[in-house]
Amino acid sequence: NDDSRDDNSENNFTVSNDALIKFSKAFNFRNNISYTTNGSSRDQFIPSTTNVAQIASASSLTSTYNKVAIENLFNYTGKYDNHLVMVTLGQSAEKEKQSGSSLYGNFIPTDQINTVSGVTSQNMSGGSTQNEAGLLSYFARASYFYKDRYNLSLSFRADGSSRFGPDTRWGHFPSASVFWIISDEPFAEGLKKTVDVIKIRASYG
């Protein structure tokens with residue numbers, strides 16, 4: 001007679017909302033917020049009849065995870081004759097929390113005690129954990145196009161994480177790039193018979 005038990009359960013839930021506000025054709029604001037939660041549990045019992053040492057054992061494990069994330073974006077797009085300017089200013093933040101617990105009951109004298117709650121304290125062991133972390137970011141991007149063949153792009157990002165100490169909590173990441181589509185120049189018309197695109201690009205960061 002096998003009275004062993006291994007019950008698992010898991011619950012996941014996510015909700016999010018994306019909002020867009022248009023102030024004009026050129027300027028808008030976008031907000032995204034989301035919440036995620038996960039929970040799981042496992043209850044296990046191994047009777048003495050299936051154990052070589054003929055000693056029953058039980059365990060109970062639980063874990064939870066919660067995360068909240070938010071992002072705010074201000075976008076500008078302006079087109080004037082052959083000029084195109086695109087600018088984004090943004091901020092994002094997220095916070096997550098994890099927790100878990102475990103209980104183990106060993107040397108259970110009878111199979112009638114098939115849960116951890118029925119085990120005496122001297123035959124019980126376990127522990128718990130809890131972790132929290134947060135991330136905060138600020139970023140900016142700007143791109144300038146002329147006649148769709150010349151481009152200059154600049155960006156900067158600052159990320160702060162609670163996972164690091166006060167002296168190393170923030171990281172700063174600048175970058176820049178330029179490109180020139182030579183094949184779109186009037187003097188390169190003859191090259192299109194043999195090459196579709198000739199593009200020179202340079203970047204930093």
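## Patch, loop and strand: a quick chat

Me: Which residues form the nonpolar patch on the surface, and what is their accessible area together?
Reply: The patch is made of F13, V15, I33, Y35, V68 and I70. Patch members need over 30% relative accessible area and no salt bridge, with nonpolar side chains (Val, Leu, Ile, Met, Phe, Trp, Tyr) joined within 5 Å; a salt bridge is a side-chain nitrogen of Lys or Arg within 4 Å of a carboxyl oxygen of Asp or Glu. Areas come from Shrake-Rupley with a 1.4 Å probe, and for residues only the protein chains shown count as cover. Together the six come to about 470 Å².

By the way, this is a predicted model, where local features need pLDDT of at least 70, side-chain atom pairs need 80 or more, and totals for chains, interfaces and linings use all residues. Numbering runs from 1 along each chain as its sequence is written, and side-chain values use heavy atoms, leaving out hydrogens and water.

Me: Is V15 buried, partly exposed or exposed?
Reply: V15 sits in strand β1. Buried means under 20% relative accessible area, exposed over 50%, partly exposed in between. V15 has 42%, so call it partly exposed.

Me: Which side chain makes a polar contact with the side chain of N72?
Reply: N72 is in strand β3 and is buried, at 16% relative accessible area. Here a polar contact is a pair of N or O atoms within 3.5 Å, one able to donate a hydrogen and the other to accept it, and residues adjacent in sequence count only if both atoms are side-chain atoms. At 2.7 Å, the partner is N31.

Me: How far apart in space are S48 and T120?
Reply: S48 lies in the loop between β2 and β3. The two are 72 residues apart in sequence. C-alpha to C-alpha, the distance is 17 Å.

Technical notes
Patch = residues over 30% accessible without salt bridge, like charges linked within 9 Å, V, L, I, M, F, W, Y side chains within 5 Å. Helix = DSSP H or I, 4+ residues; strand = E, 2+ residues; numbered from the N terminus. Buried < 20%, exposed > 50% of the residue type's maximum accessible area, 1.4 Å probe, protein only.
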